[in-house]
Every structure is written in structure tokens, then in C-alpha cells.
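Here is a briefing on one protein chain. Look at the sequence and the model first, then read the points by topic.

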Amino acid sequence: MILPPDTSRDARPGWVRVDCHVHTVASGDAVTTIAQLAERVAAHRIDVVCLTEHNQLAGTAERLSREIGARVVPGEEIRTGSGELIGLFLTERVPYVLAAREVVRRIRAQGGIVCAPHPYDPQRSGVGAELVELCAAGLIDAVEVFNAKVADQEHNRAALRTALAYGLPGTVGSDAHDPDGIGAAYLEMPDFDGPDSFLTALREAVRHGEYRPHAPRYPRGPS
């Protein structure tokens, strides 16, 4: 079940509010600056941001957390030969356009976890039909079961069904590329201190989200 976002209160004691999929200008196709992200995170009472820039790491957790004013989990949305995968809790960039299995190996070699974002949305480069094969091979740690930019909710529901079929926890993300997207989706979940406890806490998470269209990739200038 997906509950609507609620900015009127903080997360319950001992829990945190987490957006598992966020982009800034560092992604190349997003317009949100770090200052704008900090402002929106504060307004929406987001405690933890998984910063998942395209094919690069934006910086260390310590520096980014200071700049944004919320705890940051460094991540990367990585283009693989099979579609996009997200690595979380990363310390090193993973190159793009490698085979999916090699990307998984490199994420896990640095203690990270592997998430499949928007796997069934035909408008995005998810792993799609290969998700089942990757899950069956034990190569996926979590599936994004709600992405706020997915217009057809059947694609989000299909991701949830696959996660349940393989006993995998689900993440939720705004996939925000613009400031207005921040706060469109997040989890309320027990606090965590690393990849293992993050995956454990995901199983108790309460999901919040609403569809919010993506800002134009390249905003038009004056005509």
C-alpha cells in the first residue's frame, strides 16, 4: 500500500524518512542544485537522501551530509548492458555500460547493495524482462516498488509483485530531477547504520508516494 506524502510531522521516534532515489545537477539531466535539495529536504522533513547520480558519485557521505543538512547514502544509477541498476552505500564509482553481473560484482565488492529502479517502466531504461533472471540468480538486493515518475501505476505494481515473488524488500524513490520532485515519495522506516541494517529495516518500512511528472530534461529558453 502507498500512502500519500505528509509533511505535517516528522517520522516517529527511532524511525527515519528516506528518499531512496534522488538526482542533482551532477547527473547531467537534472536541474536541482545542492542548495535547492537542502531547502526541499528540510521542508519535507526528509532525514536520509540516497543520492543516486547517473554514472558517477557526487562525493563522500560526510561532505554531502554537511551540505544538504540530512544524512546522505552515496549511490549511483548505473547504465548497464541490461538496463539501469542502482548501487547504494558506495565508496567508488562503478563504470557504465558494463554487463549487469559485472556491475553487481563491483557494487558488492565495496560493500554496497544492488537495487533495480523503475524496472518495468517502458519510458525508462530499467532492466525490464531481465529482472526475474537477475532476482533468481541472487543478484538483486532490493526492487524499487514505487517510483514517483512512473505514470502507469501497473508498472510500479509489477515491480512489487516481482519483489514479493523473490522475497526481496522494496524501495521507494522520488527519482527527482527538479526541486519540485523532492518529497514526492519516501519511506518511513526504522533507523539504520549500514547496508545490512538498511535491508532489514526496509521490510518494516511504510511507503509514501504520489505520481509527480519529471521536469523537462532540457528546459526551453526564450523563444
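## Aromatic cluster

Phe 89, Phe 192 and Phe 198 are linked into a cluster by ring pairs. The model is predicted.

**Ring pairs**

- The count of aromatic pairs comes to three.
- Phe 89 and Phe 192 form an edge-to-face pair, because their ring centres are 6.3 Å apart and their planes stand at 80 degrees.
- Phe 89 lies in the loop between strand E5 (83-88) and helix H3 (100-109), and Phe 192 in the loop between strand E9 (185-190) and helix H6 (195-202), so this pair ties together parts 103 residues apart in sequence.
- Phe 89 and Phe 192 are both buried.
- Phe 89 also pairs with Phe 198: the centres are 5.5 Å apart and the planes are at 65 degrees, so this pair is edge-to-face too.
- Phe 89 has a relative accessible area of 16%, so Phe 89 counts as buried.
- Phe 198 is buried as well, with a relative accessible area of 0%.

**Charges over rings**

- Which ring does the charged end of Arg 71 sit over? The ring is that of Phe 192, and the charged end is 4.9 Å from its centre.
- The charged end of Arg 12 sits over the ring of Trp 15, at 3.7 Å from the ring centre.

**Nonpolar cores**

- The largest nonpolar core has 47 residues. Leu 85, Ile 140, Met 189, Phe 192 and Phe 198 touch the most other members.
- A second, separate core has 13 residues, including Leu 37, Val 41, Ile 46 and Tyr 186.
- Beyond four places in sequence, Phe 192 touches Val 16, Val 18, Val 48, Arg 71, Val 73, Phe 89, Ser 197 and Phe 198.
- In soluble globular proteins, nonpolar side chains tend to be buried together.

**Cysteines**

- How many disulfides does a search of the whole structure find? The search finds zero.
- The closest cysteine sulfur to that of Cys 20 belongs to Cys 50, at 4.6 Å, which is too far for a bond because a disulfide needs the sulfur atoms within 2.5 Å.
- Cys 50 is in no disulfide, and its nearest cysteine sulfur is that of Cys 20.
- Cys 20 is buried at 4% relative accessible area.
- Cys 50 is buried at 0%.

**Thr 24**

- Thr 24 sits in the loop between strand E2 (15-22) and helix H1 (34-43).
- Is Thr 24 buried or exposed? Its relative accessibility is 3%, so Thr 24 counts as buried.
- The side chains of Thr 24 and Glu 53 are joined by a polar contact of 2.5 Å.
- Beyond four places in sequence, Thr 24 touches Ala 30, Thr 32, Ile 34, Leu 37, Leu 51 and Glu 53. One of these, Leu 37, is in the second core.

- Ser 65 is in helix H2 (residues 61-68).
- At 2.7 Å, the side chain of Ser 65 reaches the backbone oxygen of Ala 61.
- Ser 65 is in contact with Ala 70, Arg 71 and Val 72, leaving aside neighbours within four places in sequence. Of these, Arg 71 has its charged end over the ring of Phe 192.
- Ser 125 lies in the loop between strand E6 (113-116) and helix H4 (131-136).
- Ser 125 is partly exposed, at 43% relative accessible area.
- Leaving aside neighbours within four places in sequence, Ser 125 is in contact with Gly 83, Glu 84 and His 118.
- Ser 125 and Thr 80 are 45 residues apart in sequence, and their C-alpha atoms are 9.4 Å apart in space.

**Positive phi**

- Val 97 has phi near 65 degrees, a positive value in a residue other than glycine.
- Val 97 is in the loop between E5 and H3, and is partly exposed at 46% relative accessible area.
- Asp 175 has a positive phi too, near 55 degrees.
- Asp 175 is in the loop between strand E8 (170-173) and E9.
- At 1% relative accessibility, Asp 175 counts as buried.

Note on methods: Residues numbered from 1 in each chain as written. Predicted model: local features only at pLDDT ≥ 70, side-chain atom pairs only at ≥ 80, totals over all residues. Heavy atoms only, no water. Helix = DSSP H or I, 4+ residues; strand = E, 2+ residues; numbered from the N terminus. Buried < 20%, exposed > 50% of the residue type's maximum accessible area, 1.4 Å probe, protein only. Polar contact = N/O pair within 3.5 Å; in protein donor to acceptor, adjacent residues only side chain to side chain. Contact = heavy atoms within 4.5 Å. Core = buried A, V, L, I, M, F, W, Y, C linked by side-chain atoms within 4.5 Å. Phe/Tyr/Trp six-rings, centres within 6.5 Å; stacked < 30°, edge-to-face > 60°. Lys NZ or Arg CZ within 6 Å of the ring centre and 35° of its normal.
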